[in-house]
Amino acid sequence: MREPSAGLPPLSLYIHIPWCVRKCPYCDFNSHNAPASLPQTEYVDALLRDLDQDLPLAQGRPLTSIFFGGGTPSLFTPDNVARILDGVATRLELPRGIEVTLETNPGTVEHGPFAGYARAGVNALSNMPRGHPVNKYRYCAAAFRGMCVPAGAARTQRK
Ligand SMILES: C[S@@+](CC[C@H](N)C(=O)[O-])C[C@H]1O[C@@H](n2cnc3c(N)ncnc32)[C@H](O)[C@@H]1O
Ligand code: SF4
């Protein structure tokens, strides 16, 4: 019997967090000065409603990766990142070990929150130093876990 996803391209999920500490003058992206209080709960609710609308387009395909981009996704608390990932996991199939990346800005996330993001299911960081657009580097999942998370604390397997 044919799989429902046979012949379709693989499916990745991009989640946009459109706020930054301060809007950079050169930036053409959908990013905005963060208000004093970010409407995190409301935004997560809206994201999941949006995902519900688009679910039929998945046509039974499992996700191959998840990427939180911005803006500055690390302005969201680990609890709200977890709410998003838990909501995605109840709607779509997430294979074991799927890469879940969170874009960070130097200065907006320090070692403390890393453990919270890992517990939420994030297992890779994309870190793009301001002022050096070509000098991009990524921490691999193993480095991320080893650097910042107490042994056994990571919830990197979502199923
Ligand atoms: C949109 S930012 C998102 C991640 C994070 N907020 C940051 O600044 O690294 C992603 C990258 O786009 C670059 N960028 C922003 N505006 C750009 C522009 N107008 N042309 C080329 N690169 C740009 C930034 O320098 C950054 O490396
Ligand atoms: S921090 Fe990144 S996304 Fe935010 S305004 Fe600056 S370049 Fe754009």
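**Before you start.** This is a predicted model: local features need pLDDT of at least 70, side-chain atom pairs count only at pLDDT 80 or more, and totals for chains, interfaces and linings use all residues. Residues are numbered from 1 along each chain as its sequence is written, while chains are lettered from A and ligands numbered from 1 in the order in which they are written.

**Whole chain.** Colour by secondary structure. Helices (H or I, at least four residues) and strands (E, at least two) are DSSP runs, numbered from the N terminus. Along the sequence they follow the pattern β-β-β-α-β-α-β-α-β-β-α. Of the 159 residues in the chain, 26% are buried. Buried is defined as 20 or more other C-beta atoms within 10 Å of a residue's own; exposed is 12 or fewer, and partly exposed lies in between, with C-beta atoms placed from the backbone. Take the contacts between residues at least 6 apart in sequence: 74% of them join residues at least 24 apart. A contact requires C-beta atoms, placed from the backbone, within 7 Å.

**Select 99-104.** This is strand β5, and 5 of its 6 residues are buried. On one side of the pairing list is β4 (residues 63-70), parallel to β5 over 4 bridges. Strands count as paired if DSSP finds at least two bridges between them. Show I66: V100 in β5 stands opposite.

**Select the core.** Show I66, V81, L85, V100, L102, Y117 and V122. These have the most contacts inside the largest nonpolar core, which has 23 residues. Such a core is a set of buried Ala, Val, Leu, Ile, Met, Phe, Trp, Tyr and Cys residues joined through C-beta atoms within 7 Å. At least two core residues come from each of β1 (11-17), β4, α2, β5, α3 (111-120) and β6. Centre on Y117. Beyond its neighbours within four places in sequence, Y117 contacts P78, V81, L102 and V122.

**Select ligand 2.** Around ligand 2 are C20, K23, C24, C27, F29, S31, G70, G71, T72 and N105. A residue is near the ligand if its C-beta atom, placed from the backbone, lies within 6 Å. The shell has 4 nonpolar, 5 polar and 1 charged residues. Ala, Val, Leu, Ile, Met, Phe, Trp, Tyr, Cys and Pro count as nonpolar, Asp, Glu, Lys and Arg as charged, and the others, Gly among them, as polar.

Stay with G70 and G71. The peptide bond from G70 to G71 is cis, with omega near 15 degrees. G71 is in the loop between β4 and α2.

**Select Q59 and P62.** Both are in the loop between α1 (40-54) and β4. Q59 has a positive phi, near 50 degrees, and is not a glycine. Most residues other than glycine have a negative phi, and most peptide bonds are trans. Q59 counts as exposed because it has 11 C-beta neighbours inside 10 Å.

Is P62 buried, exposed or partly exposed? P62 is partly exposed, because 13 other C-beta atoms lie within 10 Å. Leaving out residues up to four places away in sequence, P62 touches E93, L94 and P95. Finish with a distance: the C-alpha atoms of P62 and P95 are 6.9 Å apart, although 33 residues separate them along the chain.

How values were computed. Contact = placed C-beta atoms within 7 Å.
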